[in-house]
Amino acid sequence: MEFWSAGLAGRKAFGNKVFFRFVDVVWLVILPVIVQFPTWAQTEIPPLYAYSSVGDNQWLSDWFPIDSPATVEAQFEYLSKTYGIKRMYWRGEQDRIWLRYCQFRRENPLPYGWWMDWLRYLNDEVKTNELAVVAARRHGMEIYVFSGLFDHAAQGDVGGLGIFPYVGEDRLRLQHPEWCPVDRWGERVSPGPIEFCYPEARKALISRWLHHVTKYGYDGLSLYTYIENFGLRYADEFGYNEPIVGEFKRRYGVDIRTEPFNKEAWYRLRGEYVTQFLRELHSALSARGKKLSIALERNNPNGPQVWGAITADLPGAGRIYMDWQRWAEEGIVDELCVWGSNDVTLSKVMQGCKGRAVKLMVMTTGPFDKIWKPFTEAGVTILGFVAPKCGLDRVTLEPTSLKTLTSPDWRLRMQTLADIGAGTLNAGADIVAALAKDPHVLVRRESLRTLGAIKAQDQVALLEAGLADKESSV
């Protein structure tokens, strides 16, 4: 795990609109594997897709900014030109979904302000999601909505990264509490999921995702299965809703709330309802020419994903059998993605999908690791993570030198500054400061970051002037 300090600067007004920025916030980010960029990748680039978390980019100052037309365009431009990316998995649409369908809690002012002021501004006024779709088309990319199958926010007494109360909750859970997975005593409800044993719940979620995919021009929907909270106490805590209890008793003659029972059969029953949901969702999407992609847990593809190392092997959605073999066999999904660097699991999934039409991917923070070469030769596509130290963070693979500071290509100018900041190139503060007025937002931004990295104490006035830059990320 790694920690990044957001350290975002103050408050800034755009006309009468003042939106929220964060100061000295530490955000915990869990990544499957952290690797350095290998030199061999400069001459050998496998087929690549990209995943952009988006919300993290709005929170963390050392992530690639996505907060204006220029910065959105820049991300798609460099991913296309530098790495030949052909598809983007875009989590930004999930922000719009939460803003539209969740009730947020003022009692937690920091994330409340982030959602209500900053993210709402970006979604409704800057229109970052619409900009992303346009940029994807401009650079010949497909673009998928990336959203959570089970994560529909949570009740207030649940913590996520130590933040209480939980910032918001989907109104479907609030208006239909019976749809929330419940414990065997009917007292506690699961934080995050909606139980798919209810046909009305399935219909509501399908309508929602279908609307966002089709109205805003996406090519498909990709669903992850982890949950970003720590409310689950043990794996078998939830999933005792009346339809599940009744169906289990009909099949096996056992009341799972009061009698010993076969837990594997229970996991699989819960999984049957997930499969039915995906079957209905895929039918609705495919009727409109849209694709469906599902992420698989790297260590146990037949269970929901685990969120980070803190939860060990405890999936936030509980024990549900994720029947990817059946999904592939019946064509219920178009794509399966092993989420994390696990070549053993990927081999297993490849074998299980042999002869099937389903497409396979692996999401890894080491996209240029040679371990993936046999898989890409067999037709697997690598999904790279657009985040620091995850392999796609160089905006150009061309060699840099002090001469490239004057390149007409903004990517070379920015990368040269980044290399100076990293200590792989040496340059004086005056040379770096000259690019603080560059016409490209990311070059100006990198100039100021590099001045900080080389501890240019005589350039404080230039840093102060940067606070008035028209681009918030500068």
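Two strands count as paired if DSSP finds at least two bridges between them. By that rule, S8 and strand S10 (residues 220–224) are paired, with five bridges in the parallel sense, and within this pairing Ser 147 has Leu 223 in S10 as its bridge partner. The model is predicted.

**Strand S8 and its neighbours**

- Strand S8 spans residues 142–148 and is mostly covered, with six of its seven residues buried.
- Strand S6 (residues 87–90) runs parallel to S8, and four bridges join the two.

- Strand S5 covers residues 48–52, and five of its five residues are buried.
- In a regular strand, side chains alternate between the two faces of the sheet.
- In S5, both faces are covered: Leu 48, Ala 50 and Ser 52 are buried on one side, and Tyr 49 and Tyr 51 are buried on the other.
- Strand S14 (residues 381–385) runs parallel to S5 and is joined to it by four bridges.
- Phe 385 in S14 is the bridge partner of Tyr 51.
- S5 also pairs with S6, in the parallel sense and over three bridges.
- Tyr 51 has Tyr 89 as its bridge partner in S6.
- Between S5 and S6 the chain passes through helix H1 (residues 69–83), and this β-α-β crossover is right-handed.

**Tyrosines in the pairings**

- Tyr 51 has a bridge partner in S14, namely Phe 385, and another in S6, namely Tyr 89.

**Contact of helices H12 and H14**

- The axes of helix H12 (residues 410–422) and helix H14 (residues 441–453) come within 8 Å and cross at roughly 10°.
- Because angles under 35 degrees count as roughly parallel, H12 is roughly parallel to H14.
- On the H12 side, the contact involves Trp 410, Arg 413, Met 414, Leu 417, Ala 418, Ile 420 and Gly 421.
- On the H14 side, these residues meet Leu 442, Val 443, Glu 446, Ser 447, Thr 450 and Ala 453.
- The residues of this contact divide into eight nonpolar, three polar and two charged.

Methods. Residues numbered from 1 in each chain as written. Predicted model: local features only at pLDDT ≥ 70, side-chain atom pairs only at ≥ 80, totals over all residues. Heavy atoms only, no water. Buried < 20%, exposed > 50% of the residue type's maximum accessible area, 1.4 Å probe, protein only. Right-handed = clockwise from strand over helix to strand, strands pointing away. Axes fitted to C-alpha atoms, helices over the stretch in contact; angles between N-to-C directions. Parallel < 35°, antiparallel > 145°, perpendicular 65-115°, else oblique. Contact = heavy atoms within 4.5 Å. Nonpolar A, V, L, I, M, F, W, Y, C, P; charged D, E, K, R; others polar.
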